[in-house]
Amino acid sequence: MSKADKRNKFLAVFERIREELIDHMKSEKMPEDAVTWFNESLIYNVPGGKLNRGISVVDTVAILLNRPLTDDEYFKAALLGWCIELLQAFFLVSDDMMDGSISRRGQPCWYRVHDVKGLGKVHNVAINDSFMLEGAIYHLLKTHFRRESYYVDLLELFQEVTYKTEMGQLVDLITAPEDNIDIRKYNLDKHTFIVRYKTAFYSFYLSVALAMRMCGVPDVYELNGKTIEPYKEADRILIPMGEFFQVQDDYLDYHGTEEEIGKIGTDIIDGKCSWCVCTALTYGTEAQKQLLYENYGKKGADQAVREQAVKDMYNDEQGLNIPKRYEEYQRKAVAEINAMIDQVPEPGAHEVVKGNRLRRDAFRAFLSKITDRKA
């Protein structure tokens, strides 16, 4: 199946889920304008983007089972994938308001759509919209998985990962408060903590862990005389993979165009604790650090000039040369992740058929989706 066909098949499940959620709204006797509003929110915020998180649940289930999925298995795996996409939408709608972002996925951020429609700055509605996107997750899980033995495991995964992501967001917000940015507090260790909690758990670990639960992978099993803890193995590999992904994202924010990445990069103007600035602060000269202190995160009439000054310093091939440092980082990170994957104990062919054992290909498939990405 081609990448486009795989995406279209996955999108077809979204339509089924969307109709189900709208039917539920109607069954609650919600006013027609509220139903229409929620429907527009779902369509605008959920199915955009590359959908890697959601599709990876389906891919991982197929890898673990080592066979084509039945229609019922595909739907359940895809539904779990769409629950991650709902979680992503919840985070992005909220995050864009917190950051005052302008665009997302090549279109105005959801909270700004109200302005475009001439309804005024009704940010409070967008806040509630984000809550409803999250609430839809638990409605879908209850409807489709309540009778499954792993139902509580699914609930715990979503709740724990959501909480960890919010912890990362908290550290990010207080490290770089919009009205009092002090980049002297930034360093690579703090950046690592933020991205692991804010991005890696929900963008990487969650997809694979949900697939593992659906396939009946236990918390512990014996393999070739060794005790295997598969969820710890998944954590060991996927959290560094998520860190690598976010470093890519930070790099593309400054180095990519809106056409390439689907948004206007704002990390420099917003004063974000990104990998680029942390690297510059770690390896830069005192003069280069001073330039950052004077220009990074400085908003105002001349913010574009200040932003360009930072970019020019990043790009200086005789100086910091952030593009070269990123290439070196990417090469090393991919090699280290591949080495970790190679250490995963694999079952024999007779055990793979059962689908309840971890396989290296589940991690390799995820890594292949993000290596050398341009957006």
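Where in the structure is Glu178 found?

1. Let's start with that one. Glu178 sits in the loop between helix H7 (151-175) and helix H8 (188-214); helices here are DSSP runs of H or I with at least four residues, strands are runs of E with at least two, and both are numbered from the N terminus. Setting aside neighbours within four places in sequence, Glu178 is in contact with Met98 and Lys299, where contact means heavy atoms within 4.5 Å. Glu178 and Lys298 lie 120 residues apart in sequence, with 9.9 Å between their C-alpha atoms.

2. A word on what you're looking at. This is a predicted model, where local features need pLDDT of at least 70 and side-chain atom pairs count only at pLDDT 80 or more, while totals for chains, interfaces and linings use all residues. Residues are numbered from 1 along each chain as its sequence is written, and side-chain values use heavy atoms, with hydrogens and water left out.

3. Now the overall build. The protein has 17 helices and four strands. Its radius of gyration is 22 Å, close to the 21 Å that the globule rule gives for 375 residues, so the protein is as compact as a globular protein of that length. (That radius is taken over C-alpha atoms, and the rule is 2.2 Å times the number of residues to the power 0.38.) Along the principal axes, the C-alpha trace spans about 60 × 60 × 35 Å.

4. Next, the domains. There are two parts, domain 1 (1-147) and domain 2 (149-374), with bounds from an automatic or database domain assignment. Their C-alpha centres are 22 Å apart. Domain 1 puts 39 residues into the contact and domain 2 puts in 45.

5. How much area is buried between domain 1 and domain 2? About 3500 Å², with carbon and sulfur atoms giving 64% of it; buried area is the accessible area (1.4 Å probe) that two parts lose on being put together, summed over both. On the domain 1 side, Arg53, Ile63 and Leu64 lose the most area to domain 2, together 19% of what that side buries.

6. As for polar links, eight residue pairs are in polar contact between the domains, both residues at pLDDT 80 or more. (A polar contact is a pair of N or O atoms within 3.5 Å; within protein, one must be able to donate a hydrogen and the other to accept it, and residues adjacent in sequence count only if both atoms are side-chain atoms.) H4 gives the most to the side of domain 1 that touches domain 2, with 13 residues.

7. Last, salt bridges: a side-chain nitrogen of Lys or Arg within 4 Å of a carboxyl oxygen of Asp or Glu. The structure holds 22, and two cross the domain interface. Asp59 pairs with Lys369, the closest N and O atoms being 2.8 Å apart. Lys299 also forms one with Asp270 (3.3 Å, N to O).
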